[in-house]
Amino acid sequence: MSDAGVAQGAAGRPSAPTVRFGFLRAIALVGKIFAVCIPGATDSAVAVAAAANAEVLSCNDEADEADEADERSARLLLLRQLLEPTGPLDPEISISSSVITPAHLHEDTLRYRVGDGAMARALLLRPTTPGPHPAVLLIHGHDGRAEELTRVRDTYHRALGVHLAAAGFVVLAPDVRSFGAFKIEGQGHNQYARNVRAAGDVYARLAINDARVAFHVLQGVEGVDPDRIGIAGLSLGGFVALVAAAAEPEIRAVVVSGLFLDWNTYFSPQHHFCQHFVALLALGSSVALAADILPRPLQIHWGERDSFAGPGGGLRNTEALVELARERGLPGLEVFVSKRSGHAFDPLAQLDFFQRHLERSSTCP
Ligand SMILES: [Zn+2]
């Protein structure tokens, strides 16, 4: 990590200070927000940056920019074309079971049909406090399942959904297709991904559209404020979250964890072919696509011990995004490198992010 400019920029500063989290008080983050881009530098925004010992990037509210706006609009149009056909994005939902989880949260199991007619399953966690609630869509990683976000404290997803729901967020955690309980005709992931490829499609495209459907499902959940919905994804789920958030401008805050890479690395043998959605090359770089998410709050999250982050990898791509945001004066970007994580969510860091950006409806931008 020492080769990465993003990390070097904060080297030598004192470790992150105490940060307050709703129901958890005075927990010190063992990690840092390295850069916060702030338009107009409001007092509260500067205070957040200062509390995190973050570098405050200078952001230009007047950034030019009819050309950039045209470019963004064209990229969104092209992205949506690449994701076609999607099928209906607003399916009918049935609740197949309701339980109280070991963490004393209400958990419903939802089933609904996604665009290609497959029957998806998602777990919906509800907080015990009265609504309307902000909400977060959580996309698990390769070989994961929804329960790892809502119940099981594994070392990968680390029950992020439990942390969020306990703090007042509605959480929707779908199984990513072919994992968990979202099996297609009983096929395992590898067999299914091979069959999709043989049919001339790509698994990742379908998974991204599934996430878009899940977002619209979450918008319709009773007690959810449809204007305060975020998304967080880890690894494969991070890739899915990145592209889904670019395609769905109503998603208000975004965490891409453990897999923000240049396209050629995403589509290399380093990653399972299920992620080789090479048509995305037509959009330009992954950095340009991520910049289109801004000025919505976007956290690029890395674990310091994540092998995908290292020299020549994700942190270099992340540094390019920081540079582009700086050049264009785009606010909203945070880069968080967690000292206590490898290739995994850092639940307290992600909880802090969504609390800052979704808890109040007036939160800008
Ligand atoms: Zn795969």
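Axes here are lines fitted to C-alpha atoms, for helices over the stretch in contact, and the angle between two of them runs from 0 to 180 degrees between N-to-C directions. In this predicted model, the axes of helix H8 (residues 236–247) and helix H10 (residues 286–293) cross at roughly 55 degrees and come within 9 Å. An angle between 35 and 65 degrees counts as oblique, and H8 is therefore oblique to H10. The crossing of these two helices is left-handed. On the H8 side the residues that meet the partner are Leu242, Ala245 and Ala246, and on the H10 side they are Leu289, Ala290, Asp292 and Ile293. Sorted by class, this contact of H8 with H10 contains 6 nonpolar residues, 1 charged residue and no polar ones.

The protein chain has 365 residues, of which 48% count as buried. It holds 12 helices and 13 strands. Among contacts with a separation of 6 or more, 68% join residues 24 or more positions apart.

H10 itself is mostly covered, with 7 of its 8 residues buried. The buried residues are Ser286, Val287, Leu289, Ala290, Ala291, Asp292 and Ile293. Their packing partners are H3, H8, strand E11 (253–257), helix H9 (263–266), strand E12 (298–303) and helix H11 (314–328). Ala69 belongs to helix H3 (residues 66–83). Is Ala69 buried or exposed? Ala69 counts as exposed, because it has 11 C-beta neighbours inside 10 Å and the exposed class takes in residues with 12 or fewer.

H7 passes H8 in a right-handed crossing, whereas the crossing of H8 and H10 is left-handed. From H7, the residues making the contact are Ala204, Ala207, Ile208, Ala211, Arg212 and Phe215, and from H8 they are Phe239, Val240, Ala241, Val243, Ala244 and Ala247. This contact of H7 with H8 divides into 11 nonpolar residues, 1 charged residue and no polar ones.

In soluble globular proteins, nonpolar side chains tend to be buried together. Here, the largest nonpolar core has 99 residues, and those with the most contacts inside it are Leu137, Val171, Ile231 and Ala241. Helix H7 (residues 203–219) gives the most to this core, contributing 11 residues. Ala241 is also one of the H8 residues in the contact with H7. For Leu137, the contacts beyond its neighbours within four places in sequence are Leu172, Ala211, Ala214, Phe215, Leu218, Ile229 and Ile231. Among these partners, Ala211 and Phe215 also take part in the contact of H7 with H8.

Some local details of the backbone complete the picture. Most residues other than glycine have a negative phi, and most peptide bonds are trans. Where do the cis peptide bonds occur? One joins Glu84 and Pro85, with omega about -5 degrees, and Pro85 lies in the loop between H3 and strand E5 (93–100). Another cis bond joins Leu294 and Pro295, with omega about 10 degrees, and Pro295 is placed in the loop between H10 and E12.

Ala159, a residue other than glycine, has phi near 50 degrees and lies in the loop between helix H4 (147–150) and helix H5 (160–166). Ala159 counts as buried because it has 20 C-beta neighbours inside 10 Å. Ser178 has a positive phi too, near 75 degrees, and its place is in the loop between strand E9 (170–174) and helix H6 (189–198). With 23 other C-beta atoms within 10 Å, Ser178 is likewise buried.

Definitions and conventions
Residues numbered from 1 in each chain as written. Predicted model: local features only at pLDDT ≥ 70, side-chain atom pairs only at ≥ 80, totals over all residues. Core = buried A, V, L, I, M, F, W, Y, C linked by C-beta atoms within 7 Å. Helix = DSSP H or I, 4+ residues; strand = E, 2+ residues; numbered from the N terminus. Contact = placed C-beta atoms within 7 Å. Parallel < 35°, antiparallel > 145°, perpendicular 65-115°, else oblique. Left-handed = near helix turned anticlockwise from the far one by under 90°. Nonpolar A, V, L, I, M, F, W, Y, C, P; charged D, E, K, R; others polar.
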